[in-house]
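Biologist: Walk me through this chain, please. I want each term set against its cut-off.

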Amino acid sequence: MSEKLYIQTFGCQMNEYDADKMGDMLDASHGMNRVESPEEADVLLMNTCSIREKAQEKVYSLLGRWKKLKQSRPDLIIGVGGCVASQEGENIRRRAPCVDIVFGPQTLHRLPQMLDQVRKQGRPVLDISFPEIEKFDALPKPRAEGPTAFVSIMEGCSKYCSFCIVPFTRGEEISRNLDDVMTEIHSLVSLGVREITLLGQNVNGYRGLMDDGETADLALLLHHVAAVEEIGRIRFTTSHPMEVNDALIEAFAEIPKLANHFHLPVQAGSNSILAAMKRNYTVEDYIETVRRLRMARPDLSLSSDFIVGFPGETDEDFEQTMELVNETGFDTSFSFVYSRRPGTPASALPDDVAEEIKKRRLTILQSRLAQSAREISQAMVGTTQKVLVERPSRKDISAMAGRTSNNRMVNFSGRSDLIGKFIDVIIEEALPNSLRGKLSDTSSATES
Ligand code: SAH
Ligand code: F3S
């Protein structure tokens with residue numbers, strides 16, 4: 001009987017992508033099947049996130065539960081990967097001796113060997129090195145579940161924002177070659193994929209080597225992906241405002257397949273806070289970038305990330321963030337209370353904004369952001385939207401679900417043979433987290 005694998009993943013889309021790759025690897029090497037609960041599994045893997053303290057705490061509380069499973073089944077193998085593993089290394093085993101394997105975001109492709117090693121030698125293994133981009137070469141052929149897929153185009157981050165742990169846990173920015181990315185996209189297309197999301201911590205910092213020795217930026221890569229006939233829509237995330245170049249702005253005018261959505265984290269609306277965060281742009285620069293993007297794509301949906309309560313943030317600084325939010329009309333965005341991360345430059349600053357002030361600011365910001373997203377959803381009611389049908393709806397078995405270009409989930413009555421097709425849907429109702437619509441009579445569903 002084949003062995004069973006359970007993977008618990010936390011954090012960003014990069015981690016989701018990595019978790020799928022871990023599953024693919026162990027399926028190819030050991031014929032393992034992924035299961036839905038840890039109780040059924042022979043191998044338990046945790047793909048961790050260390051972006052904020054809360055995310056990190058989850059690791060040890062879950063390990064506490066897994067330890068109990070191992071007590072009753074000593075053959076159980078427990079592996080911890082991702083950013084906490086990368087940051088904590090040996091400490092993981094010191095705090096949780098039940099762990100057999102500690103691996104980092106860039107050594108997950110070595111899991112099959114690490115697993116064999118643990119079993120053969122009967123002692124734990126640790127490998128959290130950064131062996132350049134070897135990971136992608138070692139991964140099995142991609143698999144696809146449905147018509148959308150992620151493709152990682154770069155690893156790591158070299159921006160070193162003063163609050164952020166990512167450059168330390170995932171290493172410096174390193175881009176995959178353009179040809180490698182395109183090969184992965186072509187194999188996904190042959191599996192029925194019609195929408196690609198290019199992934200990386202800073203995809204617009206992409207500098208991929210091409211066959212002729214020149215380097216491609218993100219805009220050039222987008223043109224290459226758009227030239228693949230079967231691909232109907234392209235997304236990318238996440239981007240840094242400092243690296244939005246002219247070519248990327250023009251891409252929004254030139255590439256209709258590029259989704260009408262841009263996630264461009266601003267973090268704060270005060271120039272002194274932005275400087276202390278080492279973001280390398282001013283609010284004015286950001287506003288100018290947005291203005292130019294909207295010239296290229298007038299109805300562009302723009303979303304962002306925000307941090308409140310960064311060291312030294314005054315009421316006035318926060319007011320400036322709110323002004324930016326009021327002026328820009330952001331779509332569904334993310335906002336967080338500042339969390340001090342050991343080892344980052346900002347961790348040397350006094351974490352001086354009182355907890356209750358941080359929380360109050362977060363509530364104010366989040367309710368304003370939610371209102372703004374609601375207004376955008378409301379304005380879509382009555383319009384016809386192009387939707388890529390992804391799967392049956394989770395709420396209603398007779399309905400199908402798919403996303404609009406501006407990244408909203410829409411549920412509508414329809415047949416399952418629409419999956420994988422771009423169709424026209426008339427939006428009838430805006431709900432808090434999704435839209436409800438009906439198939440347009442004119443929807444030809446010809447595009448596949
Ligand atoms: N480019 C990356 C950014 C990673 S972190 C990406 O989006 O994949 C995602 C967001 O987490 C950041 O944009 C920032 O808003 C938030 N964040 C990062 N470090 C943080 C910290 N120390 N405290 C609170 N929020 C943080
Ligand atoms: Fe983190 Fe800044 Fe990079 S938020 S991921 S260091 S762009």
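Modeller: Accessible areas come from the Shrake-Rupley method with a 1.4 Å probe, and for residues only the protein chains shown count as cover. By that method the chain has an accessible surface of about 19,900 Å². Carbon and sulfur atoms hold 49% of that surface. This is a predicted model: local features need pLDDT of at least 70, side-chain atom pairs count only at pLDDT 80 or more, and totals for chains, interfaces and linings use all residues. Residues are numbered from 1 along each chain as its sequence is written, and side-chain values use heavy atoms, without hydrogens and water.

Biologist: What makes the chain as compact as a globular protein of that length?

Modeller: Start with the elements: 14 helices and 22 strands. Helices are DSSP runs of H or I, at least four residues; strands are runs of E, at least two. The radius of gyration, taken over C-alpha atoms, is compared with 2.2 Å times the number of residues to the power 0.38. The rule gives 22 Å for 448 residues and the chain has 23 Å, which is close, so the chain is as compact as a globular protein of that length.

Biologist: Which residues of α2 are called buried?

Modeller: Buried means under 20% relative accessible area. Among them are V59, L63 and W66. Across the chain, 55% of the 448 residues count as buried.

Key. Chains are lettered from A and ligands numbered from 1 in the order in which they are written. Buried means under 20% relative accessible area, exposed over 50%, partly exposed in between (1.4 Å probe, protein chains only).
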